[in-house]
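Me: I'm new to this structure and would like to learn how to read its cavities and its annotated site. Could you walk me through them?

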Amino acid sequence: MSNSFDDMPFFDEEPGEAPRKQQAPAAPARGVPVSGGLAARAMAARGGAQQRPDYLEGLNPEQTEAVETLEGPVLVLAGAGTGKTRVLTTRIAHILNTNRAFPSQILAVTFTNKAAREMKERIAHLVGGAVEGMPWLGTFHSIGVKLLRRHAELVNLRSDFTILDTDDVVRLVKQLIQAEGLDDKRWPAKQFAGMIDTWKNKGLGPADIPEGDARAFANGKGRELYFAYQQRLSTLNACDFGDLLMHPIAIFRKTPDLLKEYHQRFRYILVDEYQDTNTAQYMWLRLLAQRPKGEPQNVCCVGDDDQSIYGWRGAEVDNILRFEKDFPGAKVIKLERNYRSTAHILGAAAHLITHNEGRLGKTLFTDRRDPDDIKVQLHNSWDSEEEARAIGDEIEQLQRNQHKLNDMAILVRASFQMREFEDRFVTLGLNYRVIGGPRFYERLEIRDAMAYFRLVAQPADDLAFERIINTPKRGLGDTTVRALHDYARARDIPMLAAAADIIETDELKPKARKALFDVIQSFRRWQERLENTSHTELAEQILEESGYTDMWKADKTADAPARLDNLKELIRSMESFESMRGFLEHVSLVMDAEQNENLDAVSIMTLHSAKGLEFETVFLPGWEEGLFPHQRSLDETGRAGLEEERRLAYVGLTRAKRRCHLWFVNNRRIHGLWQSTIPSRFLEELPDTHVDVAAVEQSYGGYGRGGGYGQSRFDKAEPFANSHSTPGWKRAQQNRNDATRDNWGSRSGHSVERIGYGEAGPKSRTIDGELVAKSTTTEPSKFKTGDRVFHMKFGNGNIKMIEGNKLTIEFDRAGEKRVLDGFVEPVS
DNA sequence: GTAAGTCTCATTTTT
DNA sequence: TGAGACTTAC
């Protein structure tokens with residue numbers, strides 16, 4: 001995609017008349033680059049010849065149907081590993097090769113830049129380089145920007161508007177909250193920024209938000225603040241991410257003629273990961289895809305309701321469930337043949353997901369009969385440290401058997417779980433890469449540098465101004481900034497302009513005035529160079545002349561050299577862009593940096609970031625109640641939350657091609673407190689026929705085996721260790737068994753307390769017999785200081801201190817620990 | 001303006 | 001427990 005916005009004439013990139021379906025084969029339409037061989041065959045196919053184009057070879061009947069059903073609305077329900085991307089890309093190749101549309105007449109939307117990039121590559125591969133001309137293949141947001149650059153004036157922006165990221169937004173909101181005279185501790189900016197984001201995900205502007213929402217924040221000033229925020233964005237000539245969807249929607253709504261032009265333009269619309277669309281994206285799409293009667297609605301959405309895992313950030317599975325209503329006469333094609341995983345893995349995943357209600361109902365199957373097909377392996381460890389050790393051992397074992405580390409992944413529910421693995425792998429000297437996590441462009445020094453660039457390119461960018469006006473230190477502290485701020489606000493001009501004005505007055509102290517004068521001179525100089533200096537050179541000059549690099553050179557902290565390296569890397573990454581503006585736009589939308597793929601390393605990532613990926617071997621640690629399914633998910637969204645967690649489990653399992661290892665531990669430290677855990681209910685939902693309970697790693701001395709899974713299959717496989725005969729141990733087990741027997745025995749069974757221990761335990765809430773929430777009650781502890789107690793992990797000890805239900809205990813063997821009172825038993 | 005002390009919070013994350 | 005934001009004291 002082009003990186004600059006001013007090189008794009010509107011609607012005139014190709015001949016006025018669209019290519020027709022039945023054009024003369026000898027003369028492909030002007031401007032449609034098709035490779036000879038493929039095109040010829042495609043045309044032959046159209047002409048009734050028997051020969052099918054190459055790219056259709058090897059597709060199964062459903063896939064073929066999904067590729068060839070080009071007219072009318074199509075919903076492709078594509079299960080995990082069923083060749084979804086292949087269908088999507090082949091479909092586009094097919095449209096192009098049969099001359100049904102020019103590349104620029106296809107709108108293809110993805111969620112991530114990565115997906116967009118991959119799709120481009122694959123199409124290029126299929127049609128031989130023609131995708132250069134697919135300007136409308138991209139993320140919702142990048143396409144949104146493109147639309148908005150063209151029609152910015154319709155929503156009171158200039159086409160060189162800035163795109164603010166989350167950090168900028170929070171700072172801006174904070175200013176507004178303070179300007180309102182509100183206490184920004186009581187009403188955190190971050191929270192309100194989150195609310196705005198949620199509203200925009202739903203397509204709600206300040207006037208549309210529910211009264212309740214508006215009242216909920218800042219003593220009822222929610223709506224006002226939202227209005228003020230939008231006002232401020234407009235003044236700053238800026239957009240947040242939500243606006244990239246909201247503004248185009250507004251534009252389409254108020255200028256039907258324009259919308260009509262886009263209707264004519266986009267002859268084919270394709271959407272990937274449709275289950276992840278939020279309401280705003282849905283509205284956006286519907287405006288573009290729904291046509292008056294008689295006009296073609298060639299829209300094709302591809303998705304999998306079973307892989308919808310982004311409900312928490314506004315995705316509406318409903319969109320996919322409702323497709324047939326939105327587009328009457330839609331053809332629904334299910335892809336259920338899986339090409340990725342072995343029968344056992346698939347069987348386990350498919351069975352697990354049947355526990356969800358409200359699905360469209362697909363069942364994955366495979367014809368694969370792998371002679372060495374192994375079942376999903378279930379392991380248990382005493383605690384997370386041992387879990388990391390065991391997985392590390394397993395990985396080393398595989399490595400000895402010539403397996404590549406690149407083919408292995410550890411997928412965790414929450415990122416705090418990663419640490420233990422990293423620690424272990426560092427000890428072992430095992431290469432690993434963490435996917436996700438803090439990104440290049442989020443680093444402090446990068447953001448500072450970017451602020452300089454932004455301010456040069458867009459002098460009205462006050463957020464950038466405030467960020468760097470005193471970085472490096474120039475003696476322009478809070479007082480000066482506030483003065484500038486007030487001055488600028490009073491006259492409704494950008495702060496940089498205000499600064500230029502104010503140095504002509506005597507409002508500032510001479511020292512500050514001088515410093516400010518110098519900065520402004522610098523910016524004037526850089527702005528002049530913007531047009532005639534190469535942007536990489538200019539960037540270097542800015543960082544040098546501003547004293548920014550010197551600041552880090554003078555910095556004696558350990559990470560200063562790394563920061564300087566990052567700045568160099570930043571300049572280097574600018575080289576592939578044609579201009580400073582092009583680069584800035586890229587960064588605001590594509591906040592990722594490439595990873596080193598040459599290194600053979602185990603991947604560690606969250607289940608969320610694993611979606612769309614596949615590995616030979618997948619390790620899934622931490623399958624325990626409270627962590628997975630995550631307690632908070634259950635607390636906040638109840639049944640829906642549980643089902644989303646289950647889909648996450650499904651996503652995890654289906655990432656594995658050949659080997660899948662599940663793990664759960666008996667004890668996990670959460671917020672510094674040791675908690676005894678219960679195996680995830682998802683484990684119970686896996687069919688025996690596809691799961692093996694693997695030999696249990698024994699490495700924690702006499703305390704190695706924990707148990708307490710009531711009448712579950714784990715009992716049979718692994719009888720309790722017999723070395724525990726203390727009363728406390730027995731009682732602890734008894735308690736667990738009591739709790740689990742009631743709840744785990746049968747699915748339809750009632751559910752009472754699963755997490756509680758004894759009378760004083762936390763209370764649980766259930767929905768349809770499934771435990772959904774526990775509320776933590778703060779009943780007085782039944783212990784008193786000095787009591788002798790037993791803990792399953794740490795053994796005997798004496799209570800030193802009690803705070804609510806948290807006990808500080810001096811253990812005989814393990815030293816001082818803080819634990820919850822539910823996990824210790826009195827020793828008489 | 002920095003350094004140390006205090007408070008708070010603790011899923012998932014893209015754009 | 002431990003990281004990060006924020007405050008307070010020099």
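Reply: Gladly! The largest cavity has a volume of about 330 Å³. A cavity is a set of points, on a 1 Å grid over the protein atoms alone, where a 1.4 Å probe fits but cannot get out; lining residues have an atom within 4 Å of a point. Points are joined across faces, edges and corners, and the volume is the space filled by probe spheres set on them. This is a predicted model: local features need pLDDT of at least 70, side-chain atom pairs pLDDT 80 or more, while totals for chains, interfaces and linings use all residues. Residues are numbered from 1 along each chain, chains are lettered from A and ligands numbered from 1 as written, and side-chain values use heavy atoms, without hydrogens and water.

Me: Which residues are the closest to the centre of the largest cavity?

Reply: Of its 25 lining residues, those are Thr162, Ile163, Arg454, Leu584 and Ser588.

Me: Where does UniProt place the "binding site"?

Reply: UniProt positions follow the numbering used here, with shortened feature names, and annotations may be inferred rather than shown by experiment. The unreviewed entry puts this feature at Ala78, Gly79, Ala80, Gly81, Thr82, Gly83, Lys84 and Thr85. Helices (H or I, at least four residues) and strands (E, at least two) are DSSP runs numbered from the N terminus. Gly83 sits in the loop between β1 (74-78) and α3 (84-97), and Thr85 is in helix α3.

Me: Why does Gly83 count as partly exposed?

Reply: Buried means under 20% relative accessible area, exposed over 50%, partly exposed in between (1.4 Å probe, protein chains only). Gly83 counts as partly exposed because its relative accessibility is 23%. Thr85 is partly exposed at 26%.

How values were computed
1 Å grid on protein atoms, 1.4 Å probe; cavity = no way out; pocket = protein on both sides within 12 Å on 5 of 7 lines; lining within 4 Å.
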